[in-house]
Amino acid sequence: MSESLEDLLRAVLDVESIADLRRLSGGASRETWSFTADGEAMILQQERAGAVRTTAGGGMRSEADLLKAAAVAGVPVARLRYDGTSHERPFIVSEAVAGETIARKILRDDEWAAARPKLAAQIGAAAAALHTIPPAAAPDLVLQDPVAQYREVLDSFGEPHPAFELGFRWLEANRPTSGRVGVVHGDYRLGNLIIASDGLAAVLDWELAHLGDPMEDLGWVCVKAWRFGGSKPVAGVGEYEELFDAYRAASGFDVDADAVRWWEVFGTLKWGVICRMQASAHLLGLSRSVELATIGRRVCENEYDLLALLP
């Protein structure tokens with residue numbers, strides 16, 4: 001596999017040397033490889049065979065367009081070097097960005113001690129820039145009712161999940177009213193952000209992007225699972241008001257804290273349903289993976305977190 005990838009990369013990048021090709025850990029729906037092309041550090045991300053999609057986003061096929069538009073909008077992103085999304089197994093190649101994505105290290109290691117106090121505000125400011133991306137930049141993105149979307153996914157499993165049922169009822173009864181519709185990253189959280197020693201360096205993994213209420217991204221970064229054991233609500237490192245104030249200052253839009261809480265509840269339920277979906281890819285033999293099986297065992301964590309959030 002490495003040899004065939006080297007041949008592919010040498011051809012599409014038009015370089016003489018591909019070296020140090022190495023599979024990186026992480027990524028339930030895609031494979032990530034690091035390598036050098038004529039000595040320049042790069043990253044390849046390729047859709048995993050048998051990957052299962054449950055969202056209406058354009059997937060990796062829209063990611064190249066979004067990366068280019070995000071750079072123009074002022075979002076910190078890795079520079080795109082090759083758009084391979086038309087291939088049978090879509091992939092993209094981008095320049096490597098120095099920093100860390102592993103939340104455990106970012107939240108606990110001394111190397112990121114100076115970055116941690118800045119992150120909530122930087123995440124808010126980057127989200128504000130992200131939400132200025134014009135929807136026309138990625139025409140495959142569509143708008144759907146997110147509650148109905150994940151209701152359908154959960155029903156497809158034919159399993160009882162009473163906690164999720166309570167969550168769906170609360171979400172339906174307490175929908176926020178928002179006139180804004182724009183590009184939503186869809187997976188805006190620690191783990192999909194490269195953090196350098198001085199703070200946020202790049203926003204990664206745009207495969208779940210879609211059209212919707214921009215407040216969805218702010219709610220998602222506050223979901224308990226994405227605090228990775230940190231004590232504070234925003235990515236485990238910051239307070240709500242730090243996130244909200246930075247977003248307001250950068251965007252000029254107010255932030256409705258109740259709306260963000262609604263999206264935090266939705267995000268907790270959504271991640272629980274996705275955990276069950278990821279397990280299906282393993283259980284059905286579409287992509288046999290200990291990682292996917294382990295994610296499936298986290299459904300109950302999200303049921304517990306959801307119950308704790310509900311009145």
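The second largest pocket is lined by 23 residues, and those nearest its centre are Gln 144, Pro 146, Gly 212, Asp 213 and Trp 263. A pocket here is an open set of points on a 1 Å grid over the protein atoms alone, where a 1.4 Å probe fits and protein lies on both sides within 12 Å along at least five of seven lines; lining residues have an atom within 4 Å of a point. This is a predicted model, so to speak only of what is modelled: local features need pLDDT of at least 70, side-chain atom pairs count only at pLDDT 80 or more, and totals for chains, interfaces and linings use all residues. Residues are numbered from 1 along each chain as its sequence is written, and side-chain values use heavy atoms, with hydrogens and water left out.

The space in this second largest pocket comes to about 350 Å³, a volume being what is filled by probe spheres set on the points, with grid points joined across faces, edges and corners. At least two lining residues come from each of α5 (146–156), β9 (210–212) and α9, and α9 gives the most, with four. Helices (H or I, at least four residues) and strands (E, at least two) are DSSP runs, numbered from the N terminus. Sorted by class, the lining holds 11 nonpolar, six polar and six charged residues; Ala, Val, Leu, Ile, Met, Phe, Trp, Tyr, Cys and Pro go down as nonpolar, Asp, Glu, Lys and Arg as charged, and the others, Gly among them, as polar.

Helix α9 (257–283) turns up again as a packing partner of α8: the buried residues of α8 pack against it, and against α4 (116–130) and α7 (215–220) too. Those buried residues are Leu 243, Phe 244, Ala 246 and Tyr 247. They sit on the same side of α8 because they cover an arc of only 165° around the axis, taken from the directions from the helix axis to the C-beta atoms. Buried means under 20% relative accessible area, exposed over 50%, and partly exposed in between (1.4 Å probe, protein chains only). Asp 245, also in α8, is partly exposed because its relative accessible area is 43%. Its C-alpha is 9.0 Å from that of Ala 125, 120 residues away along the chain. After α8 comes Gly 252, with a positive phi near 80°.

Over in strand β3 (residues 40–47) is Gln 46, which counts as buried because its relative accessibility is 8%. Beyond neighbours within four places in sequence, Gln 46 is in contact (heavy atoms within 4.5 Å) with Leu 5, Arg 30, Glu 31, Met 60, Arg 89, Pro 90 and Phe 91.
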